[in-house]
Amino acid sequence: MHISWDEIQTLEALVRTGSIEAAGRELSLRHSSVSRRIAALEARLGTALFARGARLVPGPLTLRIAERAATMRGAAQDIEGFLGSERRGRERTVVVTTSDVLAPLLFRALAKARPAQAVEVLVSDDELELLPGQVDLALRPGQNPSGSLRGRRLGRLKVGVYRAKGGAPDWLQPSAELRAKASMRWWREVPGDSPGAVTCNSLLAMRDACCVGLGRAALPSFLAHGDARLQLERELDGGPPLWLLAPMARGVPKALRETQGAIFTALRSTEDAFAE
């Protein structure tokens, strides 16, 4: 037997307030709606819950139900208060996820945007699920976003061949896992048979190896921009489209929309980040 909280809540309010009118005012219900809920509960239980007369008189079973329902009402109010506090806290914080490679680009944009909201950055190579109220935005490479996401395309990442002044001419090699990434198609420009090469399993490590002269490297340009140790030899094709993504949701808070817009504008204007 299934009994809804609406019916139990109505019974508890009716016992506590003593009248259909008062219970209706508390629950924002019409008198007829209160009566229908009580009648439905009585039909489900197969017994009368109130003695009808000049006023409703609850029976012993009704009083026992109401006593237990009062505890449920307190718990429901506690949950409502908790959720309200959580919502207010979430409206003051925006959560953004990205990879360790793209994190420097995101941080540069945040420094420029100076959003009014606090920002929590979750750095992970796993694509965390975007959920309203939990993870608000994602900075990711890829093609058009899936149906559960809405996105704004920032542009195609600029990629180039970099080498330290006086550095070794050998190519720094990506690991097999790195070379296999669909979002890093520029590796096809990097010969895989360079003798004595250093192999790296992350772009950040490859950049650092390049900076100390261990070889030339194919890097997203934003990772090398402004580093006086590195020189651009030539630009490469194959940079992936980059997106600022958000979950598909209704009623997005104004503050979050404004923060998303500010981050997008700051990312798009980042010097030497995009080829288009």
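1. Glutamate 7 is part of helix α1, which covers residues 5–17. Helices (H or I, at least four residues) and strands (E, at least two) are DSSP runs, numbered from the N terminus. The model is predicted: local features need pLDDT of at least 70 and side-chain atom pairs count only at pLDDT 80 or more, while totals for chains, interfaces and linings use all residues. Residues are numbered from 1 along each chain as its sequence is written, and side-chain values use heavy atoms, with hydrogens and water left out.

2. Glutamate 7 has a relative accessible area of 9%, so it is classed as buried. Buried means under 20% relative accessible area, exposed over 50%, and partly exposed in between (1.4 Å probe, protein chains only). Residues up to four places away in sequence aside, glutamate 7 touches Arg37, Ala40, Leu41 and Arg44; contact means heavy atoms within 4.5 Å.

3. Valine 123 belongs to strand β4, residues 118–123. With 45% relative accessibility, valine 123 counts as partly exposed. Beyond its neighbours within four places in sequence, valine 123 contacts Thr98, Ser99, Asp100 and Ala103. Tryptophan 187 is 64 residues from valine 123 along the chain, and their C-alpha atoms are 24 Å apart.

4. How many disulfides does the structure hold? The number is 0, where a disulfide is a pair of cysteine sulfur atoms within 2.5 Å. For cysteine 200, the nearest cysteine sulfur is that of cysteine 210, 9.8 Å away. Cysteine 200 is buried at 8% relative accessible area.

5. Cysteine 211 is buried, with a relative accessible area of 8%.
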